[in-house]
Amino acid sequence: MRQSITFLLICVLLLSGCSSIHTEAANGGSDYSPLIIAHRGASAVEPEHTFLSYDQAIDDEADYIEIDLRRTADGELVAMHDETVDRTTDGKGLVEELTLKKVKALDAGEGQTVPTMEEILKRYGSEVHYYIETREDDKGKLVMEKQLLQLLKQYAIPQDQVILQSFSKDSINALHELDPELTLVQLLKKKDVEQLDREDLQAIKDIAIGVGIYAGILEESVVDLIQNHKLEIHAYYRGDEKEWTEKMLQYEVDGIFSDDPAFLANKMEIKE
Ligand code: G3P
Ligand code: CA
């Protein structure tokens, strides 16, 4: 009787292993360890895109700090996600209509100022890895690619410590043209992912190491299609990290944007 129960248990365990989305065998062992990308710094813990949030992310041993870039009216690159300063500071207005002086006068939370890209590079130098998002300006023009690369060069940031990402295909193409050795990630909207075909994937693969997609559209067919083309998947979420982390780990994406790198690292440890 005891032998039959043991046999049954083994069968149940084997079957449950087979139904997981990616088995250990499929991934070449149990060494799955996605990149931890601190989304706007440790933005669940400290005000996003401030030195406090980047410092926290570094303390929490995130692999990369993510930085969204915008350009001010007088041409400075600043760390800001939204097109306006309204949500994250005590001011109002479009970033690209404000001078740097006006932006620097704002409180970005806990008395912090909005950092410029140059201040970030001055502060952290080559001590950290950067995951930087470029954008077109509000009129759809490319305004930051050359300037960003010049800054990275000026502060002697090794190329293998930088990933550049954008939803703008033009921006990704421009970066690649400026320097074919750059490590690039093409961010894709839900609609793009739904229409992805082999040609699109090949075009991305010609210049980028992977794609950035919303965790809400992760499903086996999408993951297989992208990873079978030897492209990495870096996933981001909106809302509650606790709800999304399980899904991103379950699909074994290659990189995870996290608002709380310590939480993610802990989750990954528990899973090992
Ligand atoms: O950079 C990936 C992810 O950050 C894209 O979303 O809107 O937070 O920049 P968003
Ligand atoms: Ca971003």
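## Helices H4 and H5

In this predicted model, helix H4 (residues 117–124) and helix H5 (residues 145–154) have axes that come within 10 Å and cross at roughly 20 degrees. That angle makes H4 roughly parallel to H5 (angles under 35 degrees count as roughly parallel, over 145 as roughly antiparallel, 65 to 115 as roughly perpendicular and the rest as oblique). Axes here are lines fitted to C-alpha atoms, for helices over the stretch in contact, with angles from 0 to 180 degrees between N-to-C directions. Helices are DSSP runs (H or I, at least four residues), numbered from the N terminus.

On the H4 side, Met117, Glu118 and Leu121 make the contact, meeting Leu148, Leu151, Leu152 and Gln154 of H5; contact means heavy atoms within 4.5 Å. These residues split into five nonpolar, one polar and one charged (Ala, Val, Leu, Ile, Met, Phe, Trp, Tyr, Cys and Pro count as nonpolar, Asp, Glu, Lys and Arg as charged, and the others, Gly among them, as polar).

## H4 and helix H2

H4 also packs with helix H2 (residues 51–59): their axes come within 12 Å and cross at roughly 35 degrees. From H2, the contact draws on Phe51, Tyr54, Asp55 and Ile58, and from H4 on Glu119, Ile120, Arg123 and Tyr124. Five of these residues are nonpolar, none polar and three charged.

## Helices H10 and H11

Further along, helix H10 (residues 241–250) and helix H11 (residues 261–271) pack at about 45 degrees, with axes 11 Å apart. The two are therefore oblique to each other.

Glu241, Lys242, Thr245, Glu246 and Leu249 of H10 touch Phe263, Leu264, Lys267, Met268 and Lys271 of H11. This contact holds four nonpolar residues, one polar and five charged.

## Conventions

Residues are numbered from 1 along each chain as its sequence is written, while chains are lettered from A and ligands numbered from 1 in the order in which they are written. In this predicted model local features need pLDDT of at least 70, side-chain atom pairs count only at pLDDT 80 or more, and totals for chains, interfaces and linings use all residues, while side-chain values use heavy atoms, leaving out hydrogens and water.
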